[in-house]
Amino acid sequence: NSYIQNFDLRYEIYPTETELISVALFYKKFINPIEILLYPGSNGWEYIPFNTERSESMGVEIDVRKRFTGFENINGIFHYLSNLTVLFNASVIQSKVTTHYSFARDKNRPMVGQSPYIINAGLIYQLSKRQFVLSILYNRIGKRIAALGSKDYPNTWEIPGNSLDITFSKGFGNNFEIKGGIKNLLNEAVVLQQDWKYEQNGLSAVKSLNTEYYKDGRLINIGFVYKF
């Protein structure tokens with residue numbers, strides 16, 4: 001089993017009932033964290049889980065939710081901004097794994113799957129009287145280790161990527177509602193990469209090779225809801 005000790009210090013401000021400004025400092029200590037190792041098996045390379053001895057991560061998180069209520073009494077096009085809510089969340093994380101395994105490529109390294117930064121942003125436009133909601137959500141992650149290598153085989157890294165989702169809902173009366181959206185609108189490729197180091201005649205070079213390259217595709221959905 002893996003165990004986590006978590007400590008955080010958070011300061012929050014609520015300017016209105018629907019708004020939030022939050023800043024948090026956090027520290028996590030992992031005992032026997034579960035990570036992924038790229039291991040040579042009988043049928044080729046395999047991804048297997050294993051326990052590292054210990055790990056820790058620390059960082060800061062900022063969370064903001066702002067609604068433009070100040071435009072409610074303004075005539076013209078700016079009046080519609082009063083229905084807009086802006087979301088923003090960002091984290092900067094430093095993680096460190098300490099290991100003494102003989103097969104380990106690095107005795108000190110970042111934790112598998114932990115990005116050095118995470119960014120989330122969104123826009124929500126809501127017309128309560130018309131029962132209409134539109135949301136646009138954006139996400140970006142930093143470069144992170146996807147699978148560990150060994151002394152003879154480099155780590156596999158996931159290259160930073162962006163994602164964008166759009167959803168909407170529209171109600172009609174008390175019983176009928178239409179929902180829909182597009183997930184992964186940007187459809188950016190997922191790229192897993194290894195950095196190979198070559199040395200010859202006192203010279204060295206690093207070449208990056210893609211081990212996986214694929215796109216998840218866009219998901220478009222629409223639904224109809226009738227409430228009895």
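User: Which residues does Q131 touch, not counting residues up to four places away in sequence?
Analyst: This is a predicted model, in which local features need pLDDT of at least 70, side-chain atom pairs count only at pLDDT 80 or more, and totals for chains, interfaces and linings use all residues. Residues are numbered from 1 along each chain as its sequence is written, and side-chain values use heavy atoms, with hydrogens and water left out. With contact taken as heavy atoms within 4.5 Å, Q131 touches S169, K170, G171, F172 and G173.

User: Where is Q131 found, and is Q131 buried, exposed or partly exposed?
Analyst: Helices (H or I, at least four residues) and strands (E, at least two) are DSSP runs, numbered from the N terminus, and Q131 lies in the loop between β8 and β9 (132-141). Buried means under 20% relative accessible area and exposed over 50%, with partly exposed in between (1.4 Å probe, protein chains only). The relative accessible area of Q131 is 36%, so Q131 is partly exposed.

User: What distance separates the C-alpha atoms of Q131 and E177?
Analyst: Along the chain, Q131 and E177 are 46 residues apart.

User: How many bridges join strand β5 to strand β6?
Analyst: Two strands pair if DSSP finds at least two bridges between them. Strand β5 (residues 54-67) runs antiparallel to strand β6 (residues 84-98), and the bridge partner of K66 in β6 is V86. The number of bridges joining β5 to β6 is 14.

User: Which residue in β8 is the bridge partner of A90?
Analyst: β6 and strand β8 (residues 117-127) pair in the antiparallel sense over nine bridges. In β8, the partner of A90 is I119.
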